[in-house]
Amino acid sequence: MNVAIYCSSHGLGHLTRCLEVGEGLIALGHSVTIVTKLGNCQILGECCTETMTMAVGGRGQQDGVAPNVLRIRDVVADAGARQRDVFSVDVEETMHAYQHFYENADDICERERAWLIDNQTHVVVSDVVPFALRAAEMAGIPSCCLSNFTWDYIYSSFGEGVRERYSEMLMHLEQELYSRASVYLRLPGACPCLPQLEEVAIDIPMIARRSRKGCREVRERLGLDDAHRVCLVMLGGHRLSGVGNFSAHDIILPDGWICIMTPSIWRDMSEDGSTRVPEHVRVIPDADAYMPDIIECSDVVLGKVGFGTVGECLSSKTPLVYVKRENFAEEEHLIRLLDSHQSGFEISKESFVSGDWRFVGDVVATLNPIQISAHGARVAAELIAQVSRVYRIRYTFRKVCGTVPSDDIRHLCFGLVAQLNRQECGGDDASGLFNYKDNIYINRAPGRLDVFGGIADYSWSWALEVPTSEATFVATQFQTTGDVPRDDNILIRIISPSPDTAARSSSFVSIPLSEIVSWTDQGMLFLPRSYDFANLRRRLKRNPPESWIAYIVGAFVVLAEKKMAFLPKNVGSIAILVKSTVPEGAGVSSSAALEVASLVSIAAALGICFEKHEVPLLAQRIENVIVGVSCGLMDMVASYLGMANSLLSLRCSDPVQIFGQIKIPDNLRIWGVYSGVRHCTGSSRYTSVRIGAFMGKKIIQTDGSGPPIQALTDLTPTEFEEKYMHLIPDTILGTDFLSRYHSHDDPATKIDLDVVYEVKHATCHPIYENSRVKRFTEFIKDPQKSSNRLQCELMGELMYESHQSYSNCGLGSSETDLLVNLARNIGPSQGIFGAKISGGGCGGTVCILTTNDSRAEASIQRIRQEYQQETGIQTYLFRASSGGSRTFGTAIVTLQ
């Protein structure tokens, strides 16, 4: 197999990890060409092992070149970032350099497409080179993005002016280049990425070069004895020029310490070209400058934060003392990785150039580095080989309802097979989950941003929901066993690679189908009359790391209960793969996305069809009865029926009323900012507010003199204030309420006798929220009103009122309050109209209404930065939307 690895010429870290992956591929018998600007041939030469030689130029194995030859093609692959000096980026020069690539993008992609075909390339690996991904797609071959960041993230962090001036270029970089990757091999310390990459992301271990010589041999060659402590100055191949005017003779270290540096750094630090090396300094001969060996036997490394340096320090348990760089957003994520391994210590640039480095002794005494596993090159090489094989796997495909884009199917097939062919998944062997005989039924359901409605859904409020681009994929295969009859030992095997944001830890779970449902000799699923839902809930919660499967296996229960479901003949096992990019605990309905996608996927495998709004109702029953959470219907409806770039307008009544889709005006944009504080719909505060609302309704129905109501939202605020507000107590004790009213008429919750319920706020919220939703809808539906700044500010005020009402109910949090206040302080002059907590409250995500321009995007980034500075919490940004489960339909894939 011929592999082309496109390597950014930005820094040493890109080159070293590409060479490590290239070595791994060569060890597997593949032919590798690295496409990069040659620059320093010595770096290339020193990284080649005894079993790998280097050739500049050349083609694939068809030319008679041995497969263990690493070929180098000398081409400037990308613009990268232009350094002003080792610690700062020249923003304007960087953007001008990328503009040149952008203006010639079509020619570059066509040139590379032709080369890939001429080279008979089977798979492209892009170490953050964006044009390689587009060229691979044009050539009809798969591609892997291998990185810990993408350039759109780096460039977007340069500031408001840059984002505004180069918005078209950045959009092209995101949507036309990086989104073309077949698979994203994500390295540790990664920056946030595009949703399109998140959907095909596979997390891999650290890639770092390994030492080749023992410490004793290295120390002897450097003239060091065992008593010497070593401080290695390492700048990732950069020079010191422009940083400051100081000399190697100015360096002050603790007694017994030696400073080691490369010849290039020595030349920059020598006085007036002096060749006299101070006694406490050692200059590494060029021939011996293999840095992993030096790092391995050093006590501390002094320099900058770059991926290569960080990886090699972590893999050798050597602390890194660093100076922060300016304008390079990758750094904060790598620093977080260092901190999590107790291996990083920050100093100022002034401390560095002073030469007084006596602090290194304290650093070594203070830090206790934790070693990181660094076998990512081997894992990456195996996955790259598998991606090529996946691309060549033949499959048949058809869709049922919906519209499934071909790109989604391509991503799905890569995600299914590449993920499963890994050797391990959560500690369990996950290879071979799907067979090559039976159909695989796939559905995709997104999360949702709750713009309005939220906790008023169970009071039949109007609501406005927008689906996220983050989504959950569920693939189901009923696996038949030839002539073997079906028996009671049908095992459900579920695999769900766990994202970093997940609270769960178990990725592989199996459970016998017989523990969930029963079936007749003809295979019809049913629930016995004595079926104990509470016992099933206890069974599924017995092992907390595995309790997440309730959202999936609950589909079997509700289908057996509510539909005519028959097992396929001779089924022996059931395989289910879940892959989600919806952050868990963010208050954007990750549970609804999982329930809807599972329900539709499993039902399709059972041959079940649904009525128009039946899926959300069944998904809600899974949540209420199987999972045991008293949520409303709104989330499931949004995940199933939502459409991209539109607000789903509905009333969460029984039956649910769908008013249609409202296209978000072109001049407006809706964002979601996850506070980093996990939301839980099953929390006691949420349940208490729900109970309070039902208590208020029961009091009105019993003591009120007006016409009967079915839900609190049957009342307008005026009607409530004039006729009923005086009836509602501020609070009431559970036992006092039951003694007077006997029941609150909510089968999903149970009143605690000893709890004092905040009835007035809980009753007021849905009544006033329903009014706010209607007014907001009136504004956003009318093109004249939604384009008027004053009207947009009124829409924003409705959001602020809703947020305050959440807080009155006790469902706010200091973190979400901070995000809303930051948005309010920035205000309409900078594109921010309004903000409110989303969904069930108690943390989670804040929804923000803005203008649709780069000014507003800069304001969003400012909110995130100021929030992180004040709380130390990194946010997640929901920035796009997508169609719901019904829009996607069901993909039926058979591997061959």
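Guide: Let us begin with burial: a residue counts as buried when its relative accessible area is under 20%. Please keep in mind throughout that this is a predicted model.

Visitor: With that cut-off in hand, how many residues of strand 7 are buried?

Guide: Strand 7, residues 123-127, is mostly covered, with five of its five residues buried. Val 123, Val 125 and Asp 127 point one way from the strand, whereas Val 124 and Ser 126 point the other way, and all of them are buried.

Visitor: Which strands pair with strand 7, and in what sense?

Guide: Pairing is read from bridges, and two strands are taken to pair when there are at least two bridges between them. Strand 1 (residues 2-7) runs parallel to strand 7 and is joined to it by five bridges; within this pairing, Cys 7 has Asp 127 as its bridge partner. Strand 8 (residues 143-147) also pairs with strand 7 in the parallel sense, over three bridges, and here Ser 126 is partnered by Cys 145.

Visitor: How should I describe the way in which helix 5 and helix 8 cross?

Guide: One reads the approach of the axes and the angle between them, and an angle that lies between 35 and 65 degrees is called oblique. The axes of helix 5 (residues 130-139) and helix 8 (residues 167-177) come within 9 Å and cross at roughly 40 degrees, and the two helices are therefore oblique to each other. The crossing of helix 5 past helix 8 is left-handed.

Visitor: Which residues meet where helix 5 and helix 8 touch?

Guide: From helix 5, Pro 130, Phe 131, Leu 133 and Arg 134 meet Leu 173, Glu 176 and Leu 177 of helix 8.

Visitor: In what order do the strands of the four-stranded open sheet lie?

Guide: The order is 30-31-27-32, with antiparallel pairing. Strand 30 (832-837) and strand 32 (876-878) are the edge strands, each pairing on one side only, and the twist from one strand to the next averages 25 degrees. Strand 27 (residues 668-674) and strand 32 run antiparallel and are joined by three bridges, with Val 673 standing opposite Leu 877 of strand 32.

Visitor: Which helices pack on this sheet?

Guide: Helix 29 (residues 789-808) packs on the sheet, touching strand 27, strand 30 and strand 31 (845-851), and its direction makes about 20 degrees with that of strand 30. Helix 31 (residues 854-871) packs on the sheet as well, touching strand 27, strand 30, strand 31 and strand 32, and its direction makes about 150 degrees with that of strand 31.

How values were computed: Residues are numbered from 1 along each chain as its sequence is written. This is a predicted model: local features need pLDDT of at least 70, side-chain atom pairs count only at pLDDT 80 or more; totals for chains, interfaces and linings use all residues. Side-chain values use heavy atoms; hydrogens and water are left out. Axes are lines fitted to C-alpha atoms, for helices over the stretch in contact, and angles run from 0 to 180 degrees between N-to-C directions. Angles under 35 degrees count as roughly parallel, over 145 as roughly antiparallel, 65 to 115 as roughly perpendicular and the rest as oblique. A crossing is left-handed if the near helix is turned anticlockwise from the far one by less than a right angle, and right-handed if clockwise. Contact means heavy atoms within 4.5 Å. Buried means under 20% relative accessible area, exposed over 50%, partly exposed in between (1.4 Å probe, protein chains only).
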